[in-house]
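Take a walk through this protein chain, from its overall build to a handful of individual residues.

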Amino acid sequence: AHIRVSNATLKPGDSAIEIDRIARSFLVGKGMNFDHATSHGIGSFLDVHEGNGSAPLRAGMIMSNEPGYYLKDHFGIRIENTVLVEKNENACKGCMKLRTLTLVPIQTKLI
């Protein structure tokens, strides 16, 4: 889910709701899900989790990429990176992509 979001091509008008759909698509296809938002904006005047994520994304926005998976009474995993929304005119006119800003090593032995 995390990698799918990192590699996503976003179309003009897409919002964090589309990022959430991309993240969940793999898990839902396997009968799994998580009960929190995949992404939220980051900035000095935000409420951290600032609403339903329906505002259109624009180049220059900074947000989180944090899908997760939790198996009740057993374990949970949630990887959170910060991403920058950038133009991706190579994909289509007005398209955008996400560039990861925080490159924290992930301990794969724990996954």
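**From fold to residues**

Among contacts in the protein chain with a separation of 6 or more, 47% come from residues 24 or more positions apart. This is a predicted model.

Start with the secondary structure. The protein chain has 2 helices and 6 strands. Their order along the sequence is α-β-α-β-β-β-β-β.

Next, the overall dimensions. Along the principal axes, the C-alpha atoms of the protein chain fill a box of roughly 45 × 30 × 25 Å.

Now turn to helix H2, which covers residues 16-29. Glu18 is found in this helix. Glu18 counts as partly exposed because its relative accessibility is 21%, and the buried class ends under 20%. Along the chain, Glu18 and Ala37 are 19 residues apart. Their C-alpha atoms are separated by 11 Å.

A charge and a ring come next. The charged end of Arg24 sits over the ring of Phe34. The distance to the centre of that ring is 4.0 Å.

Follow the chain into the loop between H2 and strand E2. Strand E2 spans 62-65. Ser39 has its place in this loop. Is Ser39 buried or exposed? Its relative accessible area is 10%, so Ser39 is buried. Leaving aside residues up to four places away in sequence, Ser39 touches Ile19, Met63 and Ser64. With Ser64 there is a polar approach: a polar atom of the Ser39 side chain lies 2.5 Å from the backbone oxygen of Ser64. Ser39 can also be placed against Glu80, 41 residues apart in sequence. From C-alpha to C-alpha, Ser39 and Glu80 are 9.0 Å apart in space.

His40 lies in the loop between H2 and E2 as well. What makes His40 count as buried? Its relative accessibility is 10%, and buried means under 20%, so His40 falls in that class. The side chain of His40 makes a polar contact with the side chain of Glu66. The distance is 2.9 Å.

Move on to Asp73. Asp73 lies in the loop between strand E3 and strand E4. Strand E3 runs over 68-71, and strand E4 over 75-78. Asp73 is not a glycine, although its phi is positive, at about 65°. Asp73 counts as exposed because its relative accessibility is 72%, and exposed means over 50%.

Finish with the cysteines. How many disulfides does a search of the whole structure find? The search finds 1 disulfide. A disulfide is a covalent bond between the sulfur atoms of two cysteines. Here Cys92 is joined to Cys95, with 1.7 Å from S to S. The torsion about the S-S bond of Cys92 and Cys95 is about 75°, so the disulfide is right-handed. The two partners fall into separate accessibility classes. Cys92 counts as partly exposed because its relative accessibility is 27%. Cys95 counts as buried because its relative accessibility is 2%.

How values were computed. Residues numbered from 1 in each chain as written. Predicted model: local features only at pLDDT ≥ 70, side-chain atom pairs only at ≥ 80, totals over all residues. Heavy atoms only, no water. Disulfide = S-S within 2.5 Å. Buried < 20%, exposed > 50% of the residue type's maximum accessible area, 1.4 Å probe, protein only. Lys NZ or Arg CZ within 6 Å of the ring centre and 35° of its normal. Helix = DSSP H or I, 4+ residues; strand = E, 2+ residues; numbered from the N terminus. Polar contact = N/O pair within 3.5 Å; in protein donor to acceptor, adjacent residues only side chain to side chain. Contact = heavy atoms within 4.5 Å.
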